[in-house]
Amino acid sequence: MTEIWGSCEDRFSKVRDVLAASLDADDVGASVAVFVDGEPVVDLWGGYVDPARTVAWERDSITNVWSTTKTMTALCALVLADRGDLDLDAPVAEYWPEFAAAGKESARVRHLLGHTAGLPDFAGPIAVEDLFDWPAVTARLAAQAPAWEPGTAGGYHSVTFGFLVGEVVRRVTGRSIGTFFAEEIASPLGADFHIGLGAEHDHRVAPLIPDPLGDKPPGFLVGVSDSYPEAWRRAELPAINGYGNARSVAAVQSVLACQGVAGGVRLLSPAGAERVFEEQFHGEDRVLGAPMRYGMGFRLEGHTCSWGGWGGSIVFVDADQHLAVAYVMNQTLWNDGYARGFGVVMAAYEAF
(Lines give C-alpha, C1' and ligand atoms only; values in the text may rest on other atoms or scores of the structure.)
Protein backbone atom coordinates (compact mmCIF):
# COMPACT_ATOMS: atom_id res chain seq x y z
CA MET A 1 0.00 0.00 0.00
CA THR A 2 1.25 3.48 -0.90
CA GLU A 3 2.29 5.49 2.13
CA ILE A 4 0.19 8.57 2.88
CA TRP A 5 1.64 11.67 4.52
CA GLY A 6 0.11 14.67 6.26
CA SER A 7 -2.69 15.20 8.77
CA CYS A 8 -6.27 14.01 8.97
CA GLU A 9 -8.81 14.39 11.76
CA ASP A 10 -10.17 11.02 12.84
CA ARG A 11 -13.71 11.63 11.64
CA PHE A 12 -12.35 12.16 8.11
CA SER A 13 -10.37 8.89 8.05
CA LYS A 14 -12.44 7.72 5.08
CA VAL A 15 -10.77 10.44 3.00
CA ARG A 16 -7.38 8.95 3.79
CA ASP A 17 -8.66 5.51 2.78
CA VAL A 18 -9.96 6.82 -0.55
CA LEU A 19 -6.66 8.53 -1.36
CA ALA A 20 -4.70 5.41 -0.46
CA ALA A 21 -6.91 3.26 -2.67
CA SER A 22 -6.57 5.69 -5.55
CA LEU A 23 -2.79 5.75 -5.27
CA ASP A 24 -2.76 1.96 -5.23
CA ALA A 25 -4.86 1.93 -8.40
CA ASP A 26 -4.70 4.59 -11.13
CA ASP A 27 -2.92 7.49 -9.48
CA VAL A 28 0.82 8.17 -9.43
CA GLY A 29 0.96 11.19 -7.11
CA ALA A 30 -1.82 13.21 -5.55
CA SER A 31 -2.92 15.47 -2.71
CA VAL A 32 -6.28 15.96 -1.03
CA ALA A 33 -7.51 18.63 1.34
CA VAL A 34 -10.68 19.28 3.28
CA PHE A 35 -11.36 22.62 4.94
CA VAL A 36 -14.24 23.19 7.37
CA ASP A 37 -15.03 26.66 8.68
CA GLY A 38 -11.99 27.93 6.77
CA GLU A 39 -9.52 25.67 8.56
CA PRO A 40 -7.84 22.46 7.36
CA VAL A 41 -9.16 19.19 8.78
CA VAL A 42 -7.51 17.04 6.10
CA ASP A 43 -4.18 17.76 4.40
CA LEU A 44 -2.79 14.60 2.81
CA TRP A 45 -0.48 13.65 -0.01
CA GLY A 46 1.30 10.61 -1.32
CA GLY A 47 2.73 8.81 -4.30
CA TYR A 48 5.29 10.04 -6.77
CA VAL A 49 6.15 12.95 -9.04
CA ASP A 50 7.38 10.77 -11.90
CA PRO A 51 5.86 7.83 -13.80
CA ALA A 52 8.84 5.65 -12.84
CA ARG A 53 7.84 6.20 -9.19
CA THR A 54 11.33 7.16 -8.04
CA VAL A 55 10.73 10.73 -6.78
CA ALA A 56 8.26 11.15 -3.92
CA TRP A 57 5.38 13.63 -4.01
CA GLU A 58 6.26 16.05 -1.20
CA ARG A 59 4.17 18.30 1.04
CA ASP A 60 4.79 21.30 -1.22
CA SER A 61 4.71 19.57 -4.60
CA ILE A 62 2.51 21.47 -7.05
CA THR A 63 1.15 20.70 -10.48
CA ASN A 64 -0.89 22.19 -13.31
CA VAL A 65 -4.57 21.89 -12.30
CA TRP A 66 -5.97 22.83 -15.73
CA SER A 67 -9.50 24.25 -15.52
CA THR A 68 -9.65 24.25 -11.74
CA THR A 69 -7.76 27.50 -12.40
CA LYS A 70 -11.05 29.02 -13.58
CA THR A 71 -12.33 29.08 -10.01
CA MET A 72 -9.42 31.33 -9.02
CA THR A 73 -10.06 33.65 -11.97
CA ALA A 74 -13.76 33.88 -11.12
CA LEU A 75 -12.90 34.68 -7.51
CA CYS A 76 -10.82 37.66 -8.66
CA ALA A 77 -13.88 39.08 -10.41
CA LEU A 78 -16.07 38.46 -7.37
CA VAL A 79 -13.60 40.29 -5.13
CA LEU A 80 -13.56 43.29 -7.46
CA ALA A 81 -17.35 43.27 -7.66
CA ASP A 82 -17.63 43.15 -3.88
CA ARG A 83 -15.32 46.16 -3.60
CA GLY A 84 -17.46 48.12 -6.01
CA ASP A 85 -14.71 48.28 -8.62
CA LEU A 86 -16.48 45.98 -11.10
CA ASP A 87 -20.17 45.87 -12.00
CA LEU A 88 -21.03 42.34 -13.09
CA ASP A 89 -24.17 43.63 -14.83
CA ALA A 90 -22.30 46.30 -16.81
CA PRO A 91 -21.43 45.88 -20.49
CA VAL A 92 -17.96 44.41 -20.95
CA ALA A 93 -17.25 47.34 -23.28
CA GLU A 94 -17.59 49.74 -20.36
CA TYR A 95 -14.22 48.44 -19.17
CA TRP A 96 -12.88 47.11 -22.48
CA PRO A 97 -14.18 49.41 -25.26
CA GLU A 98 -12.78 47.32 -28.12
CA PHE A 99 -14.96 44.42 -27.03
CA ALA A 100 -18.09 46.10 -28.43
CA ALA A 101 -17.05 45.07 -31.96
CA ALA A 102 -18.86 42.51 -34.12
CA GLY A 103 -22.17 42.54 -32.27
CA LYS A 104 -20.91 42.18 -28.69
CA GLU A 105 -21.96 45.61 -27.43
CA SER A 106 -24.68 43.99 -25.30
CA ALA A 107 -22.39 41.42 -23.68
CA ARG A 108 -22.27 41.81 -19.90
CA VAL A 109 -19.48 40.94 -17.51
CA ARG A 110 -21.68 38.24 -16.00
CA HIS A 111 -21.91 36.62 -19.45
CA LEU A 112 -18.16 36.07 -19.35
CA LEU A 113 -18.36 34.40 -15.95
CA GLY A 114 -21.38 32.29 -16.86
CA HIS A 115 -20.09 30.84 -20.15
CA THR A 116 -22.84 32.63 -22.08
CA ALA A 117 -20.73 35.24 -23.94
CA GLY A 118 -20.77 33.37 -27.24
CA LEU A 119 -16.98 33.08 -27.50
CA PRO A 120 -16.41 29.46 -26.50
CA ASP A 121 -13.52 29.06 -28.91
CA PHE A 122 -11.30 31.07 -31.21
CA ALA A 123 -12.48 31.76 -34.75
CA GLY A 124 -9.88 30.32 -37.09
CA PRO A 125 -6.74 28.34 -36.34
CA ILE A 126 -4.61 29.05 -33.29
CA ALA A 127 -1.49 27.35 -31.91
CA VAL A 128 -0.68 26.79 -28.26
CA GLU A 129 2.30 29.14 -28.58
CA ASP A 130 -0.06 31.91 -29.70
CA LEU A 131 -1.73 31.80 -26.28
CA PHE A 132 1.40 33.24 -24.68
CA ASP A 133 0.85 36.62 -26.39
CA TRP A 134 -1.78 38.21 -24.14
CA PRO A 135 -2.33 41.43 -26.15
CA ALA A 136 -2.73 39.51 -29.40
CA VAL A 137 -5.15 36.96 -27.93
CA THR A 138 -7.36 39.52 -26.21
CA ALA A 139 -7.41 41.74 -29.32
CA ARG A 140 -8.47 38.71 -31.34
CA LEU A 141 -11.33 37.95 -28.96
CA ALA A 142 -12.42 41.60 -28.89
CA ALA A 143 -12.73 41.62 -32.67
CA GLN A 144 -14.45 38.24 -32.92
CA ALA A 145 -18.16 37.85 -33.63
CA PRO A 146 -20.07 35.80 -31.04
CA ALA A 147 -21.37 32.36 -31.93
CA TRP A 148 -24.71 33.34 -30.37
CA GLU A 149 -26.23 36.50 -28.94
CA PRO A 150 -24.48 36.96 -25.57
CA GLY A 151 -26.63 35.83 -22.69
CA THR A 152 -29.04 33.72 -24.76
CA ALA A 153 -27.25 30.35 -24.60
CA GLY A 154 -24.52 28.59 -22.67
CA GLY A 155 -21.39 26.89 -23.95
CA TYR A 156 -18.24 26.06 -22.03
CA HIS A 157 -15.49 28.63 -22.72
CA SER A 158 -12.65 26.20 -22.03
CA VAL A 159 -9.66 28.39 -22.93
CA THR A 160 -11.19 31.78 -23.74
CA PHE A 161 -12.76 32.17 -20.27
CA GLY A 162 -9.44 33.15 -18.70
CA PHE A 163 -8.54 35.74 -21.30
CA LEU A 164 -12.01 37.30 -21.24
CA VAL A 165 -12.32 37.62 -17.47
CA GLY A 166 -8.60 38.29 -17.11
CA GLU A 167 -8.65 41.21 -19.52
CA VAL A 168 -11.54 42.81 -17.64
CA VAL A 169 -9.57 42.44 -14.41
CA ARG A 170 -6.55 44.01 -16.10
CA ARG A 171 -8.58 46.94 -17.43
CA VAL A 172 -10.10 47.57 -13.99
CA THR A 173 -6.97 47.18 -11.86
CA GLY A 174 -4.06 47.90 -14.20
CA ARG A 175 -2.57 44.56 -13.10
CA SER A 176 -2.45 41.22 -14.87
CA ILE A 177 -4.79 38.69 -13.35
CA GLY A 178 -1.85 36.61 -12.15
CA THR A 179 -0.47 39.59 -10.28
CA PHE A 180 -3.87 40.59 -8.91
CA PHE A 181 -4.53 37.05 -7.73
CA ALA A 182 -1.11 36.79 -6.09
CA GLU A 183 -1.35 40.12 -4.30
CA GLU A 184 -5.02 40.24 -3.34
CA ILE A 185 -5.96 36.59 -2.79
CA ALA A 186 -3.08 34.12 -2.54
CA SER A 187 -0.81 36.30 -0.41
CA PRO A 188 -3.39 37.30 2.23
CA LEU A 189 -4.46 33.66 2.56
CA GLY A 190 -0.92 32.26 2.43
CA ALA A 191 -2.04 30.00 -0.40
CA ASP A 192 0.55 28.32 -2.62
CA PHE A 193 -1.35 28.78 -5.89
CA HIS A 194 0.01 30.56 -8.95
CA ILE A 195 -1.33 31.87 -12.26
CA GLY A 196 1.98 32.36 -14.03
CA LEU A 197 4.65 30.36 -12.20
CA GLY A 198 7.93 31.96 -11.15
CA ALA A 199 11.19 30.13 -11.91
CA GLU A 200 11.85 29.74 -8.18
CA HIS A 201 9.01 27.22 -8.01
CA ASP A 202 10.03 25.03 -10.95
CA HIS A 203 11.80 22.47 -8.77
CA ARG A 204 8.51 21.71 -6.96
CA VAL A 205 6.47 20.97 -10.08
CA ALA A 206 5.13 17.47 -10.58
CA PRO A 207 4.79 17.25 -14.38
CA LEU A 208 1.47 15.98 -15.63
CA ILE A 209 1.45 12.41 -16.88
CA PRO A 210 -0.53 11.65 -20.06
CA ASP A 211 -3.43 9.24 -20.06
CA PRO A 212 -2.41 5.87 -21.56
CA LEU A 213 -4.92 6.73 -24.31
CA GLY A 214 -2.80 9.65 -25.46
CA ASP A 215 -1.60 13.21 -24.96
CA LYS A 216 -5.06 14.75 -25.42
CA PRO A 217 -8.58 13.79 -26.46
CA PRO A 218 -9.60 14.47 -30.08
CA GLY A 219 -10.42 18.10 -30.80
CA PHE A 220 -8.59 19.59 -27.84
CA LEU A 221 -6.34 22.60 -28.42
CA VAL A 222 -3.81 21.69 -25.73
CA GLY A 223 -2.29 18.42 -24.61
CA VAL A 224 -0.38 17.28 -21.57
CA SER A 225 2.94 17.71 -23.38
CA ASP A 226 2.13 21.38 -24.01
CA SER A 227 2.46 21.98 -20.27
CA TYR A 228 6.10 20.87 -20.19
CA PRO A 229 7.95 23.89 -21.70
CA GLU A 230 9.10 26.75 -19.50
CA ALA A 231 7.07 29.20 -21.61
CA TRP A 232 3.86 27.47 -20.50
CA ARG A 233 4.69 27.84 -16.81
CA ARG A 234 5.65 31.51 -17.13
CA ALA A 235 2.56 32.47 -19.13
CA GLU A 236 -0.69 33.56 -17.53
CA LEU A 237 -3.40 31.36 -19.01
CA PRO A 238 -6.03 31.96 -16.34
CA ALA A 239 -8.43 29.30 -17.57
CA ILE A 240 -5.99 26.41 -17.72
CA ASN A 241 -2.47 26.82 -16.33
CA GLY A 242 -2.74 27.50 -12.61
CA TYR A 243 -0.27 25.64 -10.40
CA GLY A 244 -1.03 24.45 -6.91
CA ASN A 245 -1.92 21.49 -4.74
CA ALA A 246 -5.07 20.44 -2.93
CA ARG A 247 -4.18 22.44 0.18
CA SER A 248 -3.88 25.70 -1.73
CA VAL A 249 -6.98 25.09 -3.84
CA ALA A 250 -9.17 24.31 -0.83
CA ALA A 251 -7.68 27.17 1.19
CA VAL A 252 -8.63 29.72 -1.45
CA GLN A 253 -12.08 28.38 -2.27
CA SER A 254 -13.06 27.93 1.37
CA VAL A 255 -13.61 31.70 1.21
CA LEU A 256 -16.80 30.92 -0.71
CA ALA A 257 -17.74 28.21 1.77
CA CYS A 258 -17.52 30.53 4.76
CA GLN A 259 -19.29 33.75 3.75
CA GLY A 260 -16.10 35.41 2.56
CA VAL A 261 -13.70 34.48 5.37
CA ALA A 262 -11.02 31.77 5.47
CA GLY A 263 -8.17 31.28 7.88
CA GLY A 264 -9.21 34.43 9.74
CA VAL A 265 -8.88 36.54 6.57
CA ARG A 266 -11.93 38.24 5.05
CA LEU A 267 -11.78 38.61 1.27
CA LEU A 268 -15.49 39.06 0.58
CA SER A 269 -18.58 40.29 2.38
CA PRO A 270 -21.20 37.59 3.02
CA ALA A 271 -23.30 39.04 0.20
CA GLY A 272 -20.26 39.17 -2.07
CA ALA A 273 -19.50 35.49 -1.46
CA GLU A 274 -23.13 34.54 -2.10
CA ARG A 275 -22.98 36.08 -5.60
CA VAL A 276 -21.21 32.97 -6.88
CA PHE A 277 -24.62 31.26 -6.68
CA GLU A 278 -26.38 33.71 -9.02
CA GLU A 279 -27.58 31.45 -11.82
CA GLN A 280 -26.37 32.54 -15.26
CA PHE A 281 -27.40 29.54 -17.31
CA HIS A 282 -29.42 26.37 -16.81
CA GLY A 283 -29.86 24.07 -19.80
CA GLU A 284 -27.92 22.06 -22.32
CA ASP A 285 -24.38 23.34 -22.80
CA ARG A 286 -23.77 23.81 -26.54
CA VAL A 287 -20.14 22.78 -26.24
CA LEU A 288 -20.29 19.97 -23.70
CA GLY A 289 -23.60 18.63 -24.98
CA ALA A 290 -24.75 18.03 -21.42
CA PRO A 291 -27.11 19.78 -18.99
CA MET A 292 -25.30 22.42 -16.96
CA ARG A 293 -26.19 25.04 -14.38
CA TYR A 294 -23.64 27.84 -14.25
CA GLY A 295 -23.25 30.50 -11.60
CA MET A 296 -20.46 33.06 -11.54
CA GLY A 297 -17.66 30.86 -12.89
CA PHE A 298 -18.74 27.62 -11.19
CA ARG A 299 -21.13 24.74 -11.75
CA LEU A 300 -24.04 24.96 -9.32
CA GLU A 301 -26.08 22.31 -7.56
CA GLY A 302 -28.17 23.36 -4.58
CA HIS A 303 -26.03 25.56 -2.34
CA THR A 304 -22.80 24.02 -3.66
CA CYS A 305 -20.44 25.24 -6.35
CA SER A 306 -17.69 23.27 -8.03
CA TRP A 307 -15.48 22.82 -11.02
CA GLY A 308 -12.79 20.48 -12.22
CA GLY A 309 -9.61 20.45 -14.24
CA TRP A 310 -9.19 18.43 -17.43
CA GLY A 311 -7.95 14.96 -16.50
CA GLY A 312 -9.14 14.86 -12.90
CA SER A 313 -8.50 17.69 -10.42
CA ILE A 314 -11.55 19.15 -8.67
CA VAL A 315 -12.70 21.64 -6.08
CA PHE A 316 -16.08 21.38 -4.37
CA VAL A 317 -17.63 23.98 -2.06
CA ASP A 318 -20.68 23.51 0.18
CA ALA A 319 -21.75 26.84 1.65
CA ASP A 320 -24.24 25.25 4.06
CA GLN A 321 -21.64 22.94 5.62
CA HIS A 322 -18.84 25.56 5.35
CA LEU A 323 -16.95 22.83 3.49
CA ALA A 324 -14.29 22.98 0.78
CA VAL A 325 -12.77 19.83 -0.71
CA ALA A 326 -9.96 19.64 -3.26
CA TYR A 327 -8.16 16.86 -5.09
CA VAL A 328 -5.08 17.46 -7.25
CA MET A 329 -3.06 14.81 -9.07
CA ASN A 330 -0.47 14.40 -11.82
CA GLN A 331 -1.94 11.38 -13.65
CA THR A 332 -4.49 12.60 -16.19
CA LEU A 333 -7.31 10.27 -17.15
CA TRP A 334 -9.78 11.12 -19.90
CA ASN A 335 -12.41 8.48 -19.12
CA ASP A 336 -13.91 8.80 -15.62
CA GLY A 337 -10.97 10.90 -14.50
CA TYR A 338 -13.18 12.87 -12.12
CA ALA A 339 -14.32 9.74 -10.30
CA ARG A 340 -11.21 9.94 -8.12
CA GLY A 341 -11.98 13.46 -6.92
CA PHE A 342 -15.68 12.80 -6.45
CA GLY A 343 -14.74 9.80 -4.33
CA VAL A 344 -12.83 12.16 -2.05
CA VAL A 345 -15.82 14.51 -1.85
CA MET A 346 -18.21 11.69 -0.92
CA ALA A 347 -15.76 10.43 1.70
CA ALA A 348 -15.61 13.91 3.25
CA TYR A 349 -19.41 13.99 3.53
CA GLU A 350 -19.35 10.81 5.59
CA ALA A 351 -17.92 12.87 8.45
CA PHE A 352 -21.09 14.98 8.74
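Some ground rules come before the details. Because the model is predicted, local features need pLDDT of at least 70 and side-chain atom pairs count only at pLDDT 80 or more, while totals for chains, interfaces and linings use all residues. Residues are numbered from 1 along each chain as its sequence is written, and side-chain values use heavy atoms, with hydrogens and water left out.

Helix pairs come up first. Two packed helices are described by the angle between their axes and the distance between the axes. Axes here are lines fitted to C-alpha atoms, for helices over the stretch in contact, and angles run from 0 to 180 degrees between N-to-C directions. Helices (H or I, at least four residues) and strands (E, at least two) are DSSP runs, numbered from the N terminus. Helix 1 (residues 13–24) and helix 10 (residues 339–349) have axes that come within 8 Å and cross at roughly 160°. That angle makes helix 1 roughly antiparallel to helix 10; angles over 145 degrees get that label, those under 35 count as roughly parallel, 65 to 115 as roughly perpendicular, and the rest as oblique. The crossing of helix 1 with helix 10 is right-handed, in the sense that the near helix is turned clockwise from the far one by less than a right angle, with anticlockwise giving left-handed. On the helix 1 side, the contact (heavy atoms within 4.5 Å) uses Lys14, Val15, Val18 and Ser22, and helix 10 supplies Arg340, Gly343, Val344, Ala347 and Ala348. Sorted by type, the residues of this contact between helix 1 and helix 10 come out as five nonpolar, two polar and two charged. For that sorting, Ala, Val, Leu, Ile, Met, Phe, Trp, Tyr, Cys and Pro count as nonpolar, Asp, Glu, Lys and Arg as charged, and the others, Gly among them, as polar.

Helix 2 (69–83) packs with helix 5 (residues 160–173) at an angle of about 30°, with the axes 10 Å apart. Helix 2 is therefore roughly parallel to helix 5, and the crossing of helix 2 and helix 5 is left-handed. Lys70, Thr73, Ala74, Cys76, Ala77 and Leu80 of helix 2 meet Phe161, Val165, Val169, Val172 and Thr173 of helix 5. The tally for the contact of helix 2 with helix 5 is eight nonpolar, two polar and one charged.

Helix 6 (residues 177–189) and helix 8 (residues 246–257) cross at roughly 95°, and their axes come within 9 Å. This makes helix 6 roughly perpendicular to helix 8. The contact pairs Phe181, Ile185 and Leu189 of helix 6 with Ala251, Val252 and Val255 of helix 8.

Next, the cysteines. A disulfide is a covalent bond between the sulfur atoms of two cysteines, taken here as a pair of cysteine sulfur atoms within 2.5 Å. The structure has zero disulfides. The sulfur of Cys76 has its closest cysteine sulfur in Cys305, 15 Å away and too far for a bond. Cys258 is in no disulfide either, with the nearest cysteine sulfur, again that of Cys305, 11 Å away. Cys76 is buried at a relative accessible area of 0%, and Cys258 is buried at 12%. Buried means under 20% relative accessible area, exposed over 50%, and partly exposed in between (1.4 Å probe, protein chains only).

Val65 sits in the loop between strand 4 (63–64) and helix 2, and counts as buried at 1% relative accessibility. Not counting residues up to four places away in sequence, Val65 touches Phe193, Gly242, Gly244, Gly309, Ser313 and Val328. Leaving aside neighbours within four places in sequence, Gly272 is in contact with Leu78 and Asp82.

Arg53 is not a glycine, yet has a positive phi of about 60°; Arg53 is placed in the loop between strand 3 (39–47) and strand 4 and counts as partly exposed at 36% relative accessibility. Asp336 also has a positive phi of about 60° without being a glycine. Asp336 lies in the loop between strand 14 (323–329) and helix 10, and at 67% relative accessibility counts as exposed.
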